There are 2 protein chains.
Amino acid sequence: MQAMGHINIEELYTQIKVQFSSISLATLYKNINAMVANRLITEVKVPNVKSKYEITKDPHIHLLCDTCSEFIDLDLDVNPLLNEASSKSHYELYGSCIVLSGVCEKCQEKV
Amino acid sequence: MQAMGHINIEELYTQIKVQFSSISLATLYKNINAMVANRLITEVKVPNVKSKYEITKDPHIHLLCDTCSEFIDLDLDVNPLLNEASSKSHYELYGSCIVLSGVCEKCQEKV
DNA sequence: TAATAAAGGAGAATAATTATCCTTTAAGTT
DNA sequence: AACTTAAAGGATAATTATTCTCCTTTATTA
């Protein structure tokens, strides 16, 4: 299986059936939900698009291109922001869902 | 009507029926969607919780308490982050959905 | 006022997710 | 190995959220 990055349930189901052809969608949901509950997997809810799942990693920014639907991670340290947010709010933070949307470079050229 | 802050469809429907008792849910969705498309209203997708709507305002951080479901805005300037994200990715950004989750101060006290 | 367009309403249809209930598989014990 | 119990999986029904269809009502303008 190739590196998955971000994948939605439908895609994941297709992928998994390659190796476990009899798995049912209900089972997939059950397992995904268990893993999300234990923070092994993170669900990223994205406006206008199906939820995406990714292996949980350090907080980071997601970029969504509203034109071509490209969805990528941005390598940019958000810890300073989280620390500031935490100290200002007194929240004990352990999860983040940061999605910025706009138009990617390629789509800007296509005008 | 009191200041709404963040509201989900169900709550909004209840509120609106007070003044427009005959409005249907379909109409509400149509109008909301039109306003979201024109960026008058922003939909905030939140893990484990129904989507929330808010009047569109400058990019900001949302905090979700996973214990009591409190959902609030955090007054913290995120423009530096957005600028950095934009210049690093060459995206033209115009929308943000930033949700940090954890445990609020009150819930931390509750052991 | 008649003609046309725009918005709304009711409920059907669709899509995503969860729940139910039964079967299969696995693990542990004697 | 056979028996017992628990855990996981499968099929499908049920639920929920949202969108679509189609018809009616309201508004606009000639």
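Start with an arginine and a ring in chain B. In this predicted model, the charged end of B:R39 sits over the ring of B:Y94, 3.9 Å from the ring centre. As for rings with rings, a search of the whole structure, over all chains, turns up zero aromatic pairs.

Next, the strands. Strand β5 of chain A, residues 92-103, pairs with strand β5 of chain B, also residues 92-103. The two are antiparallel, and eleven bridges join them. To take one of the positions, A:E92 has B:V103 in β5(B) as its bridge partner. Within chain B, β5(B) is also joined to strand β3, residues 61-65, by five bridges, and these two strands run parallel. There, B:H62 stands opposite B:V99 of β5(B).

Now the contact between the chains. Chain A puts in 40 residues and chain B 39. How much area is buried between them? About 3300 Å², with 63% of that from carbon and sulfur atoms. On the chain B side, B:K45, B:L81 and B:Y91 supply 19% of the area that chain B buries against chain A, more than any other three residues.

What about polar links? There are 18 residue pairs in polar contact between chain B and chain A, counting pairs with both residues at pLDDT 80 or more. Salt bridges across this interface number zero.

Last, which element gives the largest share of the side of chain B that touches chain A? That is β5(B), with twelve residues.

Methods. Residues are numbered from 1 along each chain as its sequence is written. Chains are lettered from A and ligands numbered from 1 in the order in which they are written. This is a predicted model: local features need pLDDT of at least 70, side-chain atom pairs count only at pLDDT 80 or more; totals for chains, interfaces and linings use all residues. Side-chain values use heavy atoms; hydrogens and water are left out. Rings of Phe, Tyr and Trp (its six-membered ring) pair if their centres lie within 6.5 Å; planes under 30 degrees apart count as stacked, over 60 as edge-to-face and the rest as tilted. A charge sits over a ring if NZ of Lys or CZ of Arg is within 6 Å of the ring centre and within 35 degrees of the ring normal. Two strands pair if DSSP finds at least two bridges between them. Helices (H or I, at least four residues) and strands (E, at least two) are DSSP runs, numbered from the N terminus. Contact means heavy atoms within 4.5 Å. Buried area is the accessible area (1.4 Å probe) that two parts lose on being put together, summed over both. A salt bridge is a side-chain nitrogen of Lys or Arg within 4 Å of a carboxyl oxygen of Asp or Glu. A polar contact is a pair of N or O atoms within 3.5 Å; within protein, one must be able to donate a hydrogen and the other to accept it, and residues adjacent in sequence count only if both atoms are side-chain atoms.
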